[in-house]
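Please look over the sequence and the structure before reading on. The paragraphs below go from the whole chain to single residues.

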Amino acid sequence: MSGKKTFEILDKIFEPKNREDIEKIKGYTMKYGHILDNKEIIDEVLVSYFKAPKSYTTEDMCEINSHGGNIVVRRILELCLKNGAKLAEPGEFTKRAFLNGRIDLLQAESVIDVINAKSEREMKTGIKQLEGFLSKEIKEIKQEILDVMVNIEVAIDYPEYDVDDVTNSQILNMLDSVEKKLIKLEKSFDNGKIIKEGIKTAIIGRPNAGKSSLLNAILKEDRAIVTEIEGTTRDTIEEFVNINGIPLKLIDTAGIRKAKDEVERIGIEKSREIANTADLVIAIFDASKELSEEDLEILNIAKNKKSIILLNKIDLNPVLDENNEKIKEIRSKVIKISALNNIGLDELYNEIMNLFNLNQINLDNELIITNVRHKNLICEAIKNINEVRETINNNMPLDIIAIYIKNILEDLGNITGEFVDEDIINEIFAKFCLGK
Ligand code: GDP
């Protein structure tokens with residue numbers, strides 16, 4: 001519970017072992033006791049006390065830790081409601097933290113990201129934003145603009161000082177510097193998207209090439225299979241795996257497994273279909289055999305995609321290598337593996353990192369944008385920077401230039417939530433689960 005009446009309501013339903021005046025109870029303490037409904041004991045609980053303003057929402061708060069179980073929890077909840085509490089809307093606790101000024105919008109949105117994180121790296125990025133790193137960067141950029149704005153205001157208010165020229169070059173320098181920083185943030189979005197959504201990966205190859213063995217080898221390496229997502233139909237299960245902290249979203253893992261019983265092989269058409277929706281295609285071939293007609297079709301599918309050519313079963317006597325004419329036509333580089341013996345998987349993972357430029361950035365230290373709303377606002381700000389340049393080129397008066405500069409400030413302010421309107425706020429918080 002959070003709000004002014006928290007302790008009043010708590011008092012009606014909670015019988016602590018040692019009753020103390022609420023004034024005497026310090027924040028960040030716990031009390032042991034029972035939840036009572038008209039003398040009937042509902043559960044033995046621990047209650048944490050948080051006193052305003054030192055709480056998540058900055059209001060008086062308490063948390064009731066019960067033994068759990070649906071019925072007990074529901075009865076405690078009903079008791080709270082009966083005694084004057086109202087059910088929190090999705091994200092309402094975080095929304096209050098925002099509206100009361102304890103966190104900015106960017107941090108509030110990061111709470112959603114942390115809750116919904118599918119990989120450790122995504123969680124870390126979320127936590128970093130939660131700690132305010134991105135907010136700080138945005139604030140610094142804004143300050144850079146404001147510093148120049150001060151000079152502009154002076155020039156407008158005291159036109160007798162002839163500072164126009166200085167200000168123009170000052171403005172242009174500031175715009176360049178700000179733009180550089182914003183472009184860097186904008187570019188980080190691609191990586192952010194990968195971290196957040198995973199690289200959609202299709203494994204294709206003719207029957208017996210080793211798809212299913214590769215899938216198993218990859219899944220075995222991953223200590224934390226995060227989730228199995230059921231698609232619209234049963235046979236489009238996708239699985240998340242973490243490779244060096246980068247989530248791969250393996251498409252159609254059910255199809256690959258099913259293909260094991262000879263009846264339901266994945267046909268070329270299906271492979272093409274899956275490959276089309278993928279960010280990355282892993283095409284796997286049996287290196288112990290010459291390329292078949294079907295293999296050539298698979299090569300063809302891989303040709304126009306971001307793809308990796310795997311030559312599997314190198315533990316047998318390989319007859320295929322990177323010198324094969326047909327393969328050479330498509331890729332100069334192949335990776336030789338043995339899915340059955342776990343050989344070559346590291347090389348495969350490195351190649352994935354290379355293909356998506358994930359090696360170049362140190363994901364742990366880089367600020368990364370993962371939220372489309374933030375990205376759009378940054379793009380908008382970059383656009384507005386160019387508007388300012390144009391007004392300067394067109395020799396517009398300073399007060400007009402100032403208006404355009406304020407647009408940039410507004411875009412940035414929207415990211416941290418200084419100027420956002422209520423609808424957007426409601427939309428953002430509706431993405432939360434209940435009671436967060
Ligand atoms: P899929 O039909 O493409 O899924 O192929 P599977 O993964 O079912 O593999 C077909 C056969 O090749 C199975 O008998 C595997 O044990 C075997 N196989 C897969 N990878 C290797 C490998 O690296 N070396 C050897 N010797 N056999 C393999």
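What percentage of the 436 residues in the chain do buried residues make up? They make up 46%, where buried means under 20% relative accessible area, exposed means over 50%, and partly exposed lies in between (1.4 Å probe, protein chains only). This is a predicted model, in which local features need pLDDT of at least 70, side-chain atom pairs count only at pLDDT 80 or more, and totals for chains, interfaces and linings use all residues. Residues are numbered from 1 along each chain as its sequence is written, and side-chain values use heavy atoms, with hydrogens and water left out.

The chain has 16 helices and 11 strands; these are DSSP runs numbered from the N terminus (helices H or I, at least four residues; strands E, at least two). Of the contacts between residues at least 6 apart in sequence, 67% join residues at least 24 apart, a contact being heavy atoms within 4.5 Å.

The largest pocket has a volume of about 910 Å³. Its lining elements, counting those that give two or more residues, are helix H1 (6–13), strand S4 (61–65), helix H2 (70–82), H3 and helix H4 (105–116). A pocket here is an open set of points on a 1 Å grid over the protein atoms alone, where a 1.4 Å probe fits, with protein on both sides within 12 Å along at least five of seven lines; lining residues have an atom within 4 Å of a point. Grid points are joined across faces, edges and corners, and the volume is the space filled by probe spheres set on the points. The lining of the largest pocket holds 33 residues, and Met1, Ser2, Leu77, Ala88 and Phe93 lie nearest its centre. By type, the lining divides into 18 nonpolar, 8 polar and 7 charged residues. Ala, Val, Leu, Ile, Met, Phe, Trp, Tyr, Cys and Pro count as nonpolar, Asp, Glu, Lys and Arg as charged, and the others, Gly among them, as polar.

Glu92 is in helix H3 (residues 92–99). Is Glu92 buried or exposed? Glu92 is buried because its relative accessible area is 12%. Its side chain reaches the backbone nitrogen of Glu89 at 2.8 Å. The C-alpha atoms of Glu92 and Ala430 are separated by 8.7 Å, although the two residues are 338 apart along the chain.

Lys31, in strand S2 (residues 29–37), counts as buried because its relative accessibility is 11%. The Lys31 side chain makes a polar contact with the side chain of Glu20 (3.1 Å) and reaches the backbone oxygen of Asn18 at 3.1 Å. A polar contact is a pair of N or O atoms within 3.5 Å; within protein, one must be able to donate a hydrogen and the other to accept it, and residues adjacent in sequence count only if both atoms are side-chain atoms.

Two loops around S2 carry backbone exceptions. Most residues other than glycine have a negative phi, and most peptide bonds are trans. Tyr28, in the loop between strand S1 (14–16) and S2, has a positive phi of about 60°. Lys39, in the loop between S2 and S3, has a positive phi of about 75°. Tyr28 counts as exposed at 60% relative accessibility, and Lys39 counts as exposed at 78%. The peptide bond from Ala52 to Pro53 is cis, with omega near 0°.
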